[in-house]
Amino acid sequence: MIQQTFAWLIDPASWSGPAGILAQTITHLRISIVALLVASLVAVPVGLYIGHTGRGRWLAINIAGAFRAIPSLGVLLAATMLLLPVLRGELAFELPVLIVLVLLAIPPILSGAYAGVESVDPAARDAARGIGMTGSQVLWQVEVPAALPLLLSGIRSAMLQIIATATIAAIVGVGGLGRFLIDGQASRRYEMMAGGALVVALLALLVDLLLALVQRFAVSPGLRAPAAT
C-alpha cells in the first residue's frame with residue numbers, strides 16, 4: 001500500500017489537468033483562504049471590542065462553544081439544500097462550504113482576539129491613558145500590538161481546522177483535495193485516498209509553517225516566547 005501510494009504521488013498524471021493534485025490544491029487553498037478572511041473580518045473586530053471593553057465576554061464564550069459543537073457535515077448538507085433552489089452555478093455549492101468553514105474558524109480567532117487584549121498588563125493601559133491617549137489609541141497602539149501573539153495563534157489554529165475540514169467540500173461536488181478521498185473510495189483506489197490524505201496533511205503543515213514565519217516577523221521581539229534552553 002505504501003509503495004502504491006508513493007507511486008501515485010510521483011506519477012505525473014496525478015498532478016496534471018484540472019483534476020490533478022496541483023489544480024485541486026489551488027482550489028483547496030482558495031476556499032480555505034476566503035473562509036479565513038471572512039471569519040477574521042467577523043471575529044477579530046468583535047474579539048478586540050470584547051477584550052477592550054470587557055462587555056459581552058460571556059456571550060462570546062457561549063457562542064464560540066456553540067460553534068465548536070456544530071456538526072460540519074450536517075450544516076453543509078442543510079445549507080446546500082436551502083441555497084440550491086436560490087443560487088445558481090458554482091456559488092450554490094461553494095457558499096454552503098464557506099458557511100461551514102467560517103463557522104468553524106470563528107471560535108479560535110474570536111478567542112485569540114479577546115484573550116490577547118485581556119492579557120495586556122493593566123499597568124501598560126494605565127500608563128497609556130496617563131500620557132493622554134484616547135481609548136482607540138490605547139487599543140491600536142498598546143493593546144493590539146501586545147495581543148498579536150495570541151491573536152495570530154488563533155488565526156493559525158483556525159487555518160489548520162479549515163484546511164482539514166475543507167475536504168468535505170467534495171461531498172457536494174466542490175473541488176479540493178477531498179476529491180481524492182471521495183473519488184478514491186468510489187473507485188476503490190485506496191492509494192488515491194491515502195495520497196490525498198497525505199497531501200492534505202502536508203499542505204496544513206506548510207501553511208502553518210508560513211503563518212509561523214509571519215507571526216515571528218509581525219510580533220515584537222519583546223513579546224515572543226523565550227527560547228527553550
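In this predicted model, helix H3, residues 21–53, and helix H8, residues 135–165, approach until their axes come within 9 Å. They cross at roughly 145 degrees, and the crossing of H3 past H8 is right-handed. On the H3 side, the contact is made by His-28, Ser-32, Ile-33, Ala-35, Leu-36, Val-44, Leu-48 and His-52. H8 contributes residues including Gly-135, Trp-140, Glu-143, Leu-151, Ile-155 and Ile-163. Sorted by class, the residues in this contact between H3 and H8 comprise 14 nonpolar, four polar and one charged.

I turn now to the second packing. Helix H9, residues 178–186, lies against helix H10, residues 190–218, with the axes 7 Å apart and an angle of about 170 degrees. How are H9 and H10 oriented to each other, roughly parallel or roughly antiparallel? Angles over 145 degrees count as roughly antiparallel, and H9 and H10 are therefore placed in that class. The contact draws on Phe-180, Leu-181, Asp-183, Gly-184 and Gln-185 from H9, and on Met-192, Met-193, Gly-196 and Ala-197 from H10. Its composition is five nonpolar, three polar and one charged residues.

Asp-183 pairs with Arg-179, at 2.8 Å from N to O. Both belong to helix H9, and because they are four residues apart there, about one helical turn separates them.

Another of the salt bridges joins Arg-156 and Asp-208, whose closest N and O atoms are 3.1 Å apart. This pair links distant parts of the chain: Arg-156 sits in helix H8 and Asp-208 in helix H10, 52 residues apart. Here Arg-156 is partly exposed at 22% relative accessibility, and Asp-208 is buried at 19%. The cut-off matters for both values, because buried means under 20% relative accessible area.

One further salt bridge is formed by Glu-191 and Arg-189, with the closest N and O atoms 3.2 Å apart. In this pair, Glu-191 counts as buried at 17% relative accessibility, while Arg-189, at 34%, counts as partly exposed.

Thank you for your attention.

Key: Residues numbered from 1 in each chain as written. Predicted model: local features only at pLDDT ≥ 70, side-chain atom pairs only at ≥ 80, totals over all residues. Heavy atoms only, no water. Axes fitted to C-alpha atoms, helices over the stretch in contact; angles between N-to-C directions. Helix = DSSP H or I, 4+ residues; strand = E, 2+ residues; numbered from the N terminus. Left-handed = near helix turned anticlockwise from the far one by under 90°. Contact = heavy atoms within 4.5 Å. Nonpolar A, V, L, I, M, F, W, Y, C, P; charged D, E, K, R; others polar. Parallel < 35°, antiparallel > 145°, perpendicular 65-115°, else oblique. Salt bridge = Lys/Arg side-chain N within 4 Å of Asp/Glu carboxyl O. Buried < 20%, exposed > 50% of the residue type's maximum accessible area, 1.4 Å probe, protein only.
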